[in-house]
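Biologist: Can you walk me through this one? I'd like to start with the overall layout and then look at the details.

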Amino acid sequence: MQLYVLALSLSLMGFVSLFFISAVLASRSVDASGSESVSPSPEVRRKKYIWAMFFIGIIVTFASLWRYPHTISNSTQAQAINVTGAQWYWEIDKEEVLLNKPVVFNVHTTDVNHGMGVLNSDGKLMFQTQAMPGYVNKVEHVFTKPGEYKVICLEFCGVSHHDMITEFQVVAKKENKND
Amino acid sequence: MIKPSHEPHSNLIKFTMLLAGAVLLLMMIIGLLMRAAQGDLIEIDAAIFYQLMTAHGAGMVGAASLTGAAIMWYFVSRYVHLVQEVFVVFLTLFLFGVLFILGSISLGQFGAGWTFLFPLPAISGGAWETGAAAAFIIGLILIGVGFLLMNLEIGRKLISTFDGIGGALAWPVISGKVAPDDAPPPAIVASMATIIFNTIGIVVGAAVLVSSLINLYVPSFEVDALLAKNMIYFFGHVFINATIYMAVVAVYEIIPEYTGKPWKTSRIFAIAWSAILLFVMAVYPHHLLQDTVMPAWALIMGQIVSYLSGIPLLTVTAFSLCVYLRGSNIKWDLASALLVLGVAGWSVGVVPAIIDGMISVNKIMHNTQWVPGHFHIYLLLGEVAMSFGFMAYLIKEAKSSEFQMIDKTAFGVYLAGGIGFTLMFLVSGAMSVPRRWAVHAEEWMLQDRIATAFALLVIVGALIFVARYIIGIATYRRT
């Protein structure tokens, strides 16, 4: 997903840049179409751009918020994990979670703000939420690949902020410890 | 159209821009050191790194706000009589604030970041003492008080001269009662809107700063962390945006001198600035999209307003400038090139910002290097470019100016450096590299090292801009 975001951003940034480059190149042109006061066409084009941005905005808003991204499903199958941030370590009350079943992370802190970010084994950020004094932030995720996942801190919290790293496992089937 | 009728406070503003230019250069060097340390090219202790990060953030926001304030004061003072002593008091308070902040960092080892996120200043884990945190907070309050005084002086003069707040915001043009020819100039409309939201932002910021200060010494005076976070990001967002909105006044005022065509307050321009006034204040929840205890409506509003904020920028300011430039026969020199670059950089930088303002994207991009990626684009290639453009304008006459080879080289080096430097942030963000980490993993260091090289180019360009400015103010007197 991150690479799609990068590609989309760079494309749109290039598109905006082209407007400026073409305007700069046309600044020496003797064509008087740039005179906003004498030609109605720039205003017509402006209105089109405004309506286009509104239209695209409505579509993107509905598409991206149709299901609220922070929804907690309240599924009876959900596994709950309590995550506590503190300067400068994480405490997680489960070392393993099950594959393909929703996991609800209850994230809080004992001191300052922290940010719980979960990275997969490729180092890609899967999701995150903040840990805030006096509050419990909840975030739900369904892991679709087994393996080791890292928890890092994504909110600056002091001199060892970058050392706040821990791990947990996503397993296909819960192991019976008595076996 | 209302024409400038007063002499601006040139010497005071030239001195202010000299100070700001020097601070910008120094902060760029600190930024270079941080990227080099992340790339393992040099070794910096983590505690020192975070102190440098705090200095870089506070210094850059401070320098940008100082240049924005100087630009707004300079051009507004051409239309209304402003009491020069107020700006002197503002500058004095600003410098005292800087002294407190520098002291807290260099002597007190304060390193909580410029955003002073509650309760980090009070809970340092042994890295700094309460006094250092207090000095930092007092420094910010002094700067805020200075800004309030300056805003009140400009605000009261605009209100009395242009028939109230609505008059200065050109609302009669929106309603059709006044023709664009008789409207306040764009510089006045932009300044009035900026003063309103920046004053509200600073008052909110002062409230949370004073609360944090009391909490340092009276821990039983508890501040709700969620409320504090909302207030800090409201203030922070409004304040940093105000720097750009103040600086764009230079574009409205200077570019017409290069083209001979007036930039008028049209109806769409007036509507856009009233929309900006609301959007800048309503958008701040996009900084809290990962605080799931926030009401859903607030986060949804943050996403929607984040998108809406791009419309007046792209379809009014950017579009108008592009239309205005076409066939304008504009005389290109360092000032005009940097001012146009400033609007372009601002417009381009808003794209990754809007995309990050979507909750679902923010979930995987927030607080990665994507964030410094987008804000460095619209500051380094936006606000700061406009400020350097204003500095170049202050030392040359638009009609007789030439785009000399040294200026072209500096511009090209700065632009290439800025593009490469910011692109590395975006690429790192897409690779999930966290922001604000003193120590980077081996696999992240390639971008850090490339960014370091590009940062060096930026500094070379900026050094030439500032050097040319120093030579210019010694030899040129604007008539």
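Predicted model: local features only at pLDDT ≥ 70, side-chain atom pairs only at ≥ 80, totals over all residues.

Biologist: Which domains does the domain assignment give for chain A?

Modeller: It gives domain 1, made of 2-27 + 35-65, and domain 2, which is 79-171.

Biologist: How far apart are the C-alpha centres of domain 1 of chain A and domain 2 of chain A?

Modeller: They lie 38 Å apart.

Biologist: Now the sheet. What is the strand order in chain A?

Modeller: The order is 2-1-4-7. It is an open sheet of four strands, and the pairing is mixed.

Biologist: Which strands stand at the edges?

Modeller: Strand 2 (89-92) and strand 7 (137-142) of chain A. Each has a single partner strand, so one side of each has no neighbour in the sheet. From one strand to the next, the twist averages 25°.

Biologist: Do strand 1 and strand 4 of chain A run parallel or antiparallel?

Modeller: Parallel. Seven bridges join strand 1 (residues 79-86) to strand 4 (residues 102-109). Along that pair, A:I81 stands opposite A:F105 in strand 4 of chain A.

Biologist: Let's switch to the contact. How many residues does it take from chain A and from chain B?

Modeller: 68 residues from chain A and 63 residues from chain B.

Biologist: Which part of chain A supplies the largest share of the side that touches chain B?

Modeller: Helix 1 of chain A, with 14 residues. Other elements of chain A that supply at least two residues each include helix 2 (41-65), strand 5 (114-119) and strand 6 (125-131).

Biologist: How do the residues on that side of chain A divide into nonpolar, polar and charged?

Modeller: There are 35 nonpolar, 25 polar and eight charged.

Biologist: On to chain B. How far does helix 4 of chain B reach?

Modeller: Helix 4 (residues 130-161) of chain B has 32 residues and reaches 46 Å from its first C-alpha to its last. That is close to the 46 Å expected at 1.5 Å a residue. B:D163 follows helix 4 of chain B, and its phi is positive, near 65°.

Biologist: And what span should helix 3 of chain B have?

Modeller: Helix 3 (residues 84-106) of chain B has 23 residues, so at 1.5 Å a residue it should span 33 Å. Its end C-alpha atoms are 33 Å apart, which agrees.

Biologist: Which residues of helix 3 of chain B are buried?

Modeller: Among them are B:F87, B:F90, B:L91, B:F94 and B:I101.

Biologist: What covers the buried residues of helix 3 of chain B?

Modeller: The cover includes helix 1 (10-38), helix 2 (46-76) and helix 4 of chain B.

Technical notes:
Residues numbered from 1 in each chain as written. Chains lettered and ligands numbered in written order. Domains from an automatic or database assignment. Pairing = 2+ DSSP bridges. Axes fitted to C-alpha atoms, helices over the stretch in contact; angles between N-to-C directions. Contact = placed C-beta atoms within 7 Å. Nonpolar A, V, L, I, M, F, W, Y, C, P; charged D, E, K, R; others polar. Expected span 1.5 Å × (residues − 1). Buried ≥ 20, exposed ≤ 12 C-beta atoms within 10 Å, placed from the backbone.
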